[in-house]
Amino acid sequence: MGFHLDKNLIDKVPAGIVIHDSQSAVIAANAMAQRLLGEDLPDIRGRLADHPGWSFVSPDGGAIDVDDLPASRVLLEKLPVTDVVVGVRRPGAHVIWLICNAYPVFDSGGQIASAVVCFTDCSELVATQQALEHSQQRLQLVLRALNEGYWDWDLDQQTLFYSERWWDMLGYAPGTHPTDIEAWQRLLHPEDRERVNRFLAELLAGPEVSYAIEFRLWHRDGHAVPVLSRGFVLREATGRAVRISGANTDLTERKQLERQLQLSADHDYLTGLPNRRYLLRELERRRMCAAADGQASTVLLIDLDNFKLLNDTEGHPFGDRLLQEVGRRLLGALEQGDFVGRLGGDEFVVLLDCGVHTEVSCAVLAQQRARDLCHLLGRPFPIGERHFSITPSIGAVLVERGEGSADLLLQQADIALYAAKSAGRNAIRFFDPAMQRMIDERARLQDELSHAVERGEFVLYYQPQFDVEQKIVGAEALLRWQHPLRGLLAPGSFIPLAETSDLIVRLGDIVLRQASERLAAWSRMPALARLGIAVNVSARQMHDEDFVARSLGIIRAAGADPSRLSMELTESLLATDIEATIEKMHSLRREGVCFSVDDFGTGFSSLSYIQRFPLSSLKIDQSFVATCVDNPRSAGIVEIVIGLADRLGLGHIAEGVETAVQLEQLKALGCRAFQGYLLGWPMPVEEFEAMALARVATSG
């Protein structure tokens, strides 16, 4: 050897030291080396590097070649070796990881005499590194599964990483586009740039640690790709942002679905004309224009005389063809600034643009245009090989000075239409203040309604809901008014009136109380205990500040299981006062109450909003159910809604099932729950319970 060892000295060194002679045999080892290797010096003295007693592994888990061991490399290369990580499989123990440095020792003749290997335990460091690598691998697999474009921005170093999926989303192969920090800014849609940059500046300056924003990026082929970017901001203890990471989700398919639902929400499925929802928006716009600059309009409410009789005698397909032809004629008769829509059934609305006219001149113009439309619609309609004639009745009301609301204007037009039909049909009548007597009658009805609430004249009818095996799984609770003079009244005769006041809140409490009491009663009947009840909730109820506390009080007082109760909400309700609605829904959902969207697809809520609501189910509107057999578009929408519900983890149910053909078509489209006259009409609770018990007995 080229030097002498002081054993006491090297035993005090807090690192392992092993000395090999020129043939790689072990000639010395300090106490720490023996402890780390798990063997005493007598057991390893004289052992060569290739001795079978050694078991070395590399960080990747493979065996290390003898020539790659630190001592072997020093003896072969005659140079120091530093920071080599070696795993040693100790006898009867797990692998210990060592970080090694080895040095040559030369004799007086310049020949290598020995190799000194020093090492320390780095097992924790290797375990941490392996855990990090595994975590990164899992993250990559998750990101691939989510199909999102990940990116990471180091704000201090001003470096920006874009994942392969980030580029693939925009049609670029990695490396084919500059990846500098400004790359995403160059690809950002110009119309979104100011908004996004303002959002980013506020995000980095504020305290938030997470974010979400939608914008558009340019695709390589020239079209804009809508994306949802979500992620997190890493901040120092002082709050300064040092890093922001996120993932971009391609919203192309979602936006296409939203547009399809928007089109369905705003247009009549049969004629393609704007529907009531669209019409009310346009009417409100014209009312505001009349108030602002005197731009007058006239509402013409058109009803086809004796259409129901013709539809019943010739068949519904004929009726649909006739309505389509009427829509085409009205659309073709429009002048600049006019508007036409289908209100529903055989009712159409034409909004005439009168420009800046006096009340008299506007009325004269509207009268003439209404007569022209009567003549136009009075001409025979060729349908198939036959020709059919039908006459219209028209109720008209002037939209001037911005008075009233869109709903009130339609109400006044409806009153005028009633007068036109009372005059013998095929007539035109303008709303006359004298017709206010009819409105007074409505006021009287509202007074009766208020007293009916006090006297407890309301009862619930139950329409059964079935699964795919036609087993009863629950019911929708539908309110009926047991009027002392007019008998049993359906909700259509009083609910619209109640919704104009706080009466709807009191009626909602009545429905919830009776339904909760019924659930409590069923819970004591084993055959009915699994059934649930759905109740309708109006916008006024939901927006009432005491809605949550009052509802939970009613449910608890009845002793009902909240999880058996489902509150049905309309899409229009979900689209107003969103944050407050979400908070109330979550408060009820935490107590077990379920929520479903009623008439889904007839209104419109952004899907990004729908994901935020604690929904349990979507209810497919009966308008799509009624036409899903003959209308591929309706069938497609039904299938889309079912798929959407499945993707969001929600249930679904089709309402308005009236024929066996519809039922089979819905099953073929993947529907698993049904409600409609084919399966069961709304009925008193005694009849419903008898039906449910009979079916349980039969299935048993």
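Predicted model: local features only at pLDDT ≥ 70, side-chain atom pairs only at ≥ 80, totals over all residues.
Leaving aside residues up to four places away in sequence, Phe 458 touches Leu 449, Ala 452, Val 453, Leu 479, Arg 480, Trp 481, Phe 494, Leu 507, Ile 510 and Gln 514. Show those side chains too.

Now widen the view to the largest nonpolar core, which has 82 residues. Phe 458 is one of the members that touch the most other members. Then colour helix 17, residues 503–523. Helix 17 gives the most to this core, with 10 residues.

Next, go to helix 12, residues 316–332. How far apart are its end C-alpha atoms? They are 24 Å apart. The helix has 17 residues, and at 1.5 Å a residue it should span 24 Å, so the two values agree. Which residues of helix 12 are buried? Pick out Phe 318, Gly 319, Leu 322, Leu 323, Val 326, Gly 327, Arg 329 and Leu 330.

Two loop residues come next. Select Asn 306, in the loop between strand 12 (296–304) and helix 11 (307–314). Its phi is near 60 degrees, a positive value in a residue other than glycine. Asn 306 counts as partly exposed because its relative accessibility is 47%.

Finish at Arg 425. Look for it in the loop between helix 14 (406–422) and strand 18 (428–430). Arg 425 is not a glycine, yet its phi is positive, near 70 degrees. Is Arg 425 buried or partly exposed? With a relative accessible area of 37%, Arg 425 is partly exposed.

Key. Residues numbered from 1 in each chain as written. Heavy atoms only, no water. Core = buried A, V, L, I, M, F, W, Y, C linked by side-chain atoms within 4.5 Å. Buried < 20%, exposed > 50% of the residue type's maximum accessible area, 1.4 Å probe, protein only. Helix = DSSP H or I, 4+ residues; strand = E, 2+ residues; numbered from the N terminus. Contact = heavy atoms within 4.5 Å. Expected span 1.5 Å × (residues − 1).
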